[in-house]
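Hello,

Please find the structure below. My notes on it follow.

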Protein chains: 2
Amino acid sequence: MSVLVVGSVALDSIETPFGRAEEVLGGSATYFSAAASHLTTVSMVGVVGEDYPMQKLEALASRGVDMAGVQTARGSSFRWRGRYQHDLNTAHTLETHLGVFSHFKPQIPGQFRRSPFVFLANIDPRLQLSVLAQVERPRLVACDTMNFWIESRRPELLELLGHVDLMTLNDAEARQLTEESNIVKAARWIMDRGPARVIIKKGEHGAFMFTRDTIFFAPAFPLESVFDPTGAGDSFAGGFMGHLARTGDLSDDNLRRAVIYGSTMGSFAVERFSIERLLELDQATIDARVREFQQLVAFDAPMAAVGEPT
Amino acid sequence: MSVLVVGSVALDSIETPFGRAEEVLGGSATYFSAAASHLTTVSMVGVVGEDYPMQKLEALASRGVDMAGVQTARGSSFRWRGRYQHDLNTAHTLETHLGVFSHFKPQIPGQFRRSPFVFLANIDPRLQLSVLAQVERPRLVACDTMNFWIESRRPELLELLGHVDLMTLNDAEARQLTEESNIVKAARWIMDRGPARVIIKKGEHGAFMFTRDTIFFAPAFPLESVFDPTGAGDSFAGGFMGHLARTGDLSDDNLRRAVIYGSTMGSFAVERFSIERLLELDQATIDARVREFQQLVAFDAPMAAVGEPT
């Protein structure tokens, strides 16, 4: 089955302690699609300006990403300039130029409207709601958000929560949204407002997936060098949703596997600038890292009762 | 088999957002012993002043902790006063009174010298070395340390590394010791100087155990309320070493289980002030949490090759 993603398509300029990149492919829909395209077919909806280097997006199209929903609008493309310092967990925004993104009105092409899996990447909650009005009974809808919308579009974001099955957000955003410092309580607060599942991402510290009755945790893959953290969260979402769409299985066991695919794709994304590393992956490399994840957390619980001290 | 711990025995006064405690049992050897005593017999070495409320330590003795190595010296006991604010990860020291601890010279009683498992809790590396000179061929020696010793006793700490099998320390300490910001590289730096294994503790973000060839990760148990983080690391060490001593099994599989016991005991320690929660535990409660840990990270790796997009 296929997955529909609606989000930003940007040009990123990034400085990290290890180098810099100018006007490379970025945006939530771009990272999501690059990651998910290894697992299933992707329908992408977004907007770019007339100045966008469309030929660079060809790399995604050649991976089977359907770009029929990527509009070209009059004006300049969404650009983000950011810097990471020694602490790679924190992006410092140097410049944001919204360009055509500020007037983005997602139009879901007819052939995308019956997508069984829908990911509403981090855009204005009003637009996320407008997407839901255009799609027909998807099997699973997930949304992401960010601090800006939590602050400026709180009522709309809360309305959206009533219409999604799953929310992904990072720990700082979860605390901001719920005003709960404890993330177990924060997750419950969110589930009380709609989603049956919440994934709280903690960057290099891994991710929790909560349901009413269960908690699953997956670490971030311990890399010796993180090159550029941009897009890790959207790549996580791409791996997660891609696995669900590929398998069509919404059991708890399979959602756990989906989190592992999410962590896997996130761990690849940060090894290079932009979607470079995601584009060059092959199945064997992905499968090998999934197995490494299994090794990373594997232990036999000693099910026998603890004995007497010897 | 039994485990020998050498460390501090203190009186803690603590403020958290949830309450305060005055002059309660604290210190690395105290937390370690309370945790390990659920798994094996513990031999404790430390020093207290004449003003120490020895009757309170009775709770440990009645759990089978052998206190023959706890000296009473002339002077006042080691006292620590600290505060945790909203961010429970960071202790703010308000006052440290070393008292008799400043002249501590660990004397290992004859009956403790053949302990097969030895934990050198966070004390002056010169004293940690002096303990090793008094014990006879233990099967496994582990040490902890802290920022103060990394700064003030670096040569002695590096010498110690050549004589231990395993080091535990937190992520900030690992970065300080090794001057590596990446913890995978930091762990390798430490292993290059002696220990075959390094455990890097990340507080609420879990713990990594490194060997030359393997990495194991265990999350911290996601608690809805962390009451007082004091002693979590020493309780982790107590659970870890306690499991190893109980089983006598130094295989990689069993060391992974030991990390889970460490995380389990750490997660209990933070539920109350001092060692209160550790003292009231029973085996069924411990076993139940170990099983919850298994549920927390369990997933079936899909070993089949990733199929074609459908």
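Subject: strand pairing and the contact between chains

Ser13(A) has Arg81(A) as its bridge partner in E6(A). Strands (E, at least two residues) and helices (H or I, at least four) are DSSP runs, numbered from the N terminus. This is a predicted model, in which local features need pLDDT of at least 70 and side-chain atom pairs count only at pLDDT 80 or more, while totals for chains, interfaces and linings use all residues. Residues are numbered from 1 along each chain as its sequence is written, and side-chain values use heavy atoms, with hydrogens and water left out.

Strand E2 (residues 10-16) and strand E6 (residues 78-84) of chain A pair in the parallel sense over six bridges; two strands pair if DSSP finds at least two bridges between them. They belong to an open sheet of four strands in chain A, ordered E3-E2-E6-E7, with mixed pairing. At its edges are strand E3 (19-26) and strand E7 (91-97) of chain A, each pairing on one side only.

Now the two chains. In chain B, 51 residues are in contact (heavy atoms within 4.5 Å) with 51 residues of chain A. Four salt bridges are counted between chain B and chain A, a salt bridge being a side-chain nitrogen of Lys or Arg within 4 Å of a carboxyl oxygen of Asp or Glu. One of them joins the side chains of Arg188(A) and Glu224(B), at 2.5 Å from N to O. On the side of chain B that touches chain A, at least two residues each come from helix H7 (183-191), strand E13 (215-218), helix H8 (232-247), helix H9 (252-269) and helix H11 (283-297) of chain B. H11(B) gives the most, with nine residues.

Regards

Technical notes:
Chains lettered and ligands numbered in written order.
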